[in-house]
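What do its labels rest on, and how do its values compare with the definitions behind them?

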Amino acid sequence: MRRQLHRLRCSRFNQITPLATRILSCFAVVLAFACSAPIARAAQAYLIVDARTGYILESQESRQKRQVGSLTKIITASVVMDWSEHRHGDLNQMVTIPPEAFVGVTENAVGFQPGDQISLRDLLYAALVQSDNVAAFTLAHAVGSQLEAPAAGGSRVTPVDIFVGQMNALAKQLKMDRSRFVNPHGSDFKVRPMPYSTAEDIARATRYAMNKAGFRFYVSQKERQISYERGGRKMNYVLRNTNQLLGHEGVDGVKTGTTAKAGDCIVLSSERQNEVVQQGATTTVFPRRLIVVVLGSANRFDEGAQLLAKGWQLYDQWATAGRPSDPDKIL
């Protein structure tokens with residue numbers, strides 16, 4: 001009797017096992033597809049890219065022209081740092097905050113006033129860490145006044161106009177063909193012509209900027225004390241980074257941006273330990289850094305974190321496949 005029951009149990013197990021195996025196989029296929037297929041997002045546009053090669057791992061509406069708010073300051077800071085590197089500009093130089101810096105500015109968190117004296121370096125911190133518009137304008141005014149003005153055919157060209165011209169020249173150099181910058185801070189309120197860029201172009205700007213050690217340091221700071229002078233009296237202010245994801249999951253930068261037209265935007269940079277690949281006698285070291293651009297999001301921090309996690313999954317799949325290159329997927 002026991003042998004009969006054992007045979008019956010074995011028979012039932014043998015019948016169920018193939019079915020269970022098929023169900024599990026189907027589940028595995030669905031799960032694998034879910035992990036690799038693009039996921040519909042709430043953001044108006046996004047892009048995930050390998051910072052080293054410019055290989056696009058995933059994107060959505062990444063060539064769509066949109067307002068990008070303070071992400072503009074990535075280009076602003078790049079122009080300032082290029083001026084410092086190539087023209088021996090002194091970032092410790094003290095400059096005066098001009099009255100024009102407050103025109104159209106609705107926020108002044110630091111509490112700057114016209115006539116305040118501050119270094120270019122602290123202005124960079126203020127613009128990049130706490131996204132201060134007065135700081136961005138003052139940078140453009142100060143550096144623009146030290147650049148050669150182009151022929152204007154009789155029309156008046158301001159230092160900020162000259163600086164913005166350099167922003168657009170850098171954009172052209174970086175093949176940011178679907179971008180137009182009209183001011184150094186990205187404000188789009190009652191501005192004509194309207195500024196715009198794309199997720200792809202902002203990623204190009206970010207790759208360029210993140211190659212600068214100084215820029216990487218600025219945008220990695222959670223807090224930073226700056227100082228300035230007002231009427232001969234020293235003032236101190238502690239900047240707090242607007243990027244809430246800084247320090248999580250390898251995030252070491254870079255910038256947030258918000259306007260009514262742009263919505264909530266964010267650019268993230270995340271780094272992991274270098275991958276070392278040994279092939280015979282050849283050793284190759286692959287730096288691992290992702291850049292995630294999110295434009296027009298309803299919840300940029302949650303969405304940015306989700307896209308970053310998805311990006312590392314896609315990166316691992318791409319690396320396992322030998323990092324294949326596709327010209328259509330290179331920035």
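The questions below take up helix packing, pockets and backbone geometry in turn.

The model is predicted, and local features need pLDDT of at least 70 while side-chain atom pairs count only at pLDDT 80 or more, although totals for chains, interfaces and linings use all residues. Residues are numbered from 1 along each chain as its sequence is written, and side-chain values use heavy atoms, with hydrogens and water left out.

Q: Why is H2 called oblique to H7?
A: Helix H2, residues 73-86, and helix H7, residues 213-220, pack at an angle of about 140° with their axes 10 Å apart. Helices here are DSSP runs (H or I, at least four residues), as strands are runs of E of at least two, numbered from the N terminus; axes are lines fitted to C-alpha atoms, for helices over the stretch in contact, with angles from 0 to 180 degrees between N-to-C directions. Under 35 degrees counts as roughly parallel, over 145 as roughly antiparallel, 65 to 115 as roughly perpendicular and the rest as oblique, and therefore H2 is oblique to H7.

Q: Which residues of H2 and H7 meet, and what makes up their contact by class?
A: Ile74, Ala77 and Met81 in H2 meet Gly214, Phe215 and Tyr218 in H7, where contact means heavy atoms within 4.5 Å. By class this contact of H2 with H7 has five nonpolar residues, one polar and no charged ones; Ala, Val, Leu, Ile, Met, Phe, Trp, Tyr, Cys and Pro count as nonpolar, Asp, Glu, Lys and Arg as charged, and the others, Gly among them, as polar.

Q: Why is H2 called roughly antiparallel to H3?
A: The axes of H2 and helix H3, residues 120-129, come within 10 Å and cross at roughly 160°. That angle is over 145, so H2 is roughly antiparallel to H3. Lys73, Ala77, Val80, Met81 and Trp83 in H2 meet Leu120, Leu124, Ala127 and Leu128 in H3, and the residues of this contact divide into eight nonpolar, no polar and one charged.

Q: What lines the largest pocket?
A: The lining holds 41 residues, of which Gly104, Val105, Asn133, His185 and Ser187 lie nearest the centre of the pocket. Two or more residues each come from helix H4 (133-144), helix H5 (159-173) and strand S7 (251-259), and H5 gives the largest share, five residues. By class the lining of the largest pocket divides into 13 nonpolar, 18 polar and ten charged residues.

Q: Which element gives the largest share of the lining of the second largest pocket?
A: Strand S9 does, with four residues, and the lining divides into four nonpolar, two polar and six charged residues. Among the lining residues are Asp50, Arg52, Glu271, Pro287 and Arg289.

Q: What makes the phi of Glu61 worth a remark?
A: Most residues other than glycine have a negative phi, and most peptide bonds are trans. Glu61 is not a glycine, yet has a positive phi of about 50°, and this residue is found in the loop between strand S2 (56-60) and H2.

Q: Where are cis peptide bonds found?
A: One joins Arg192 and Pro193, with omega about -5°, and Pro193 lies in the loop between H5 and H6. The peptide bond from Gly253 to Val254 is also cis, with omega near 10°, and Val254 is found in strand S7.

Terms used. On a 1 Å grid over the protein atoms alone, a cavity is a set of points where a 1.4 Å probe fits but cannot get out, and a pocket is an open set with protein on both sides within 12 Å along at least five of seven lines; lining residues have an atom within 4 Å of a point.
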